[in-house]
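I would ask you to keep the sequence and the structure open while you read.

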Amino acid sequence: MKLRTLLLTAFLSSKLLNGFSQEHNVSAGYQQPTDPQVIRNLENWQDMKFGLFMHWGTYSQWGIVESWSLCPEDEGWTQRKPEHGSSYYEYVKNYENLQKTFNPTAFNPEKWAAAAKGAGMKYVVFTTKHHDGFAMFDTKQSDYKITDSKTPFSSNPRADVTKEIFNTFRKDGFKIGAYFSKPDWHTEYYWWSYFPPKDRNVNYDPTKYPERWKQYKDFTFNQINELTSNYGKVDILWLDGGWVRPFKTIDQSVEWQRTIKVEQDIDMDRIGTMARKNQPGIIVVDRTVPGAWENYVTPEQAIPDHKMDIPWESCITMGNSFSYVPNDQYKPTKKIVETLVKIISRGGNYLLNIAPGPNGDFDQAAYDRLKELSAWMQINESAVFATRPVAPYHEGDYYYTKSKDNKTVNVFHLSDNTAYTMPQEFTFTLPENFNPKSVEILGYKGKLKWTKTADKVTIKKPDSSLNYAAVIRLVSK
């Protein structure tokens with residue numbers, strides 16, 4: 001995915017050590033959109049806060065990281081298994097032959113949508129094509145796709161899984177996001193068989209072979225045109241593979257961008273203009289490429305350590321992997337709630353990834369987490385959705401949001417214990433010039449004992465128990 005792992009591995013350790021420094025470099029050139037429809041859609045998207053991300057493809061059959069094992073420079077961390085091929089080229093052949101056994105007969109998007117909606121998710125982003133080039137939609141540009149006759153699932157009436165997912169989630173009120181990889185390691189127009197691939201980049205120099213690069217630009221344009229023309233209302237075009245970019249946009253202070261050695265301008269003006277013609281107001285996310293087509297920025301497997309004033313979204317896995325891995329370790333529901341709270345208190349959205357398996361369904365553990373989230377959301381959703389961050393944003397164990405009309409402040413309390421534990425007293429700072437007339441803890445029906453002294457509020461611990469996090473609502477006079 002999401003800028004895939006080496007792309008991300010290259011700066012993940014730096015992120016962990018230095019907060020959000022790399023993302024700041026990547027997003028330093030953010031440009032506020034000027035299209036009124038895009039501005040409205042971004043505002044609405046920021047109200048939604050919580051979305052479902054799904055990485056799914058033929059690779060789920062091997063239970064390996066998506067696509068990246070095909071990339072020679074990433075062999076060290078993707079760890080190709082000997083039983084999948086004794087040489088690189090045998091491995092690639094066997095990987096591509098996974099198309100001939102892909103038959104996810106348990107595919108049931110209604111089940112996914114119901115679980116996600118119950119957990120409070122408001123939008124979905126689905127991997128229509130990852131870097132390996134296998135299309136999970138009925139493209140006319142390639143036969144390397146789920147609907148081709150070589151794929152067993154092609155005979156299923158729901159074989160175009162992208163259409164089925166989009167239609168199902170749309171009916172359930174979700175906004176629809178199409179993930180699409182700008183690099184495609186299957187097509188001859190990007191990894192030309194005349195040269196061996198060395199890294200994730202195009203394996204020839206587009207300035208020396210401009211006609212071949214033009215074919216690749218047209219190939220990409222045509223696939224995105226299909227997605228934005230033939231699949232109903234699409235609200236977000238989520239473009240991954242930020243190394244496919246104009247050479248002039250490379251930020252030499254960002255380590256992974258220094259590995260880009262050739263011009264890979266895919267003509268985003270042409271693509272973005274077409275997408276907006278097909279889908280007026282569509283949000284375009286050209287990841288890590290600052291400019292007119294990166295309408296929001298996308299830190300991966302990380303949360304900014306402070307509020308950001310531009311639209312952003314953290315994409316984070318529920319398990320340890322973006323793709324399906326057998327016996328993956330799923331994060332506890334408490335951790336997921338805490339992650340959501342930290343993200344929204346800093347002005348972002350939370351895109352939580354769950355990977356379907358080769359049978360076309362989630363692990364039961366994922367459904368269990370979503371059900372537990374549902375119970376918490378039913379009580380606390382008013383403090384999450386259609387809110388904005390408010391100073392002091394984060395103070396100790398307390399995190400803040402406010403209603404858009406500024407009349408309500410929500411203060412989330414988190415605890416470090418394995419199970420959520422309320423303190424004997426809640427004591428926190430009020431936002432500047434906010435004077436509460438009422439205080440309540442969401443989910444607690446009794447009367448609270450609370451006092452206000454200067455800019456502090458103190459609340460006596462109620463005789464109650466809560467799961468995951470407490471939410472204190474304050475309404476102004």
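How far is the sulfur of Cys 71 from the closest cysteine sulfur, and in which residue does that sulfur lie?

1. The sulfur of Cys 71 is 19 Å from the closest cysteine sulfur, which belongs to Cys 315, and this is too far for a bond. With a disulfide taken as a pair of cysteine sulfur atoms within 2.5 Å, the count comes to zero disulfides. Cys 71 is buried, its relative accessible area being 0%, and Cys 315 is buried as well, also with a relative accessible area of 0%; here buried means under 20% relative accessible area, exposed over 50%, and partly exposed in between, for a 1.4 Å probe and protein chains only.

2. On provenance, this is a predicted model, in which local features need pLDDT of at least 70 and side-chain atom pairs count only at pLDDT 80 or more, while totals for chains, interfaces and linings use all residues. Residues are numbered from 1 along each chain as its sequence is written, and side-chain values use heavy atoms, with hydrogens and water left out.

3. Taken overall, the chain has 11 helices and 15 strands, which are DSSP runs numbered from the N terminus (helices H or I, at least four residues; strands E, at least two). For 477 residues a compact globule would have a radius of gyration near 23 Å, and the chain, with 23 Å, agrees; the radius is taken over C-alpha atoms, and the globule rule is 2.2 Å times the number of residues to the power 0.38. Of the 477 residues, 59% count as buried. Among contacts (heavy atoms within 4.5 Å) with a separation of 6 or more, 72% come from residues 24 or more positions apart.

4. An open sheet of seven strands, with parallel pairing, has the order β5-β4-β3-β2-β1-β7-β6, two strands being paired if DSSP finds at least two bridges between them. Because β5 (283-286) and β6 stand at the edges with a single partner strand each, one side of each is left without a neighbour in the sheet. Helix α3 (residues 36-48) lies across β1, β2, β3, β4, β5, β6 and β7 and runs at about 75° to β5, whereas helix α7 (residues 161-171) lies across β1, β2 and β3 at about 175° to β2. For these angles, axes are lines fitted to C-alpha atoms, for helices over the stretch in contact, and the values run from 0 to 180 degrees between N-to-C directions.

5. Thr 317 stands opposite Asn 353 in β7, and at 0% relative accessibility Thr 317 counts as buried. A polar atom of the Thr 317 side chain lies 2.7 Å from the backbone oxygen of Gly 319. Beyond four places in sequence, Thr 317 touches Gln 301, Phe 322, Lys 331, Leu 352 and Asn 353.

6. A second open sheet, of five strands with antiparallel pairing, has the order β8-β9-β10-β15-β12. Its edge strands are β8 (387-395) and β12 (436-441), each pairing on one side only. Five bridges join β8 to the antiparallel strand β9 (residues 398-403), and Glu 395 stands opposite Tyr 398 in β9. Helix α10 (residues 333-345) packs on this sheet, touching β8, β9 and β10, with its direction at about 60° to that of β9.

Key:
Polar contact = N/O pair within 3.5 Å; in protein donor to acceptor, adjacent residues only side chain to side chain.
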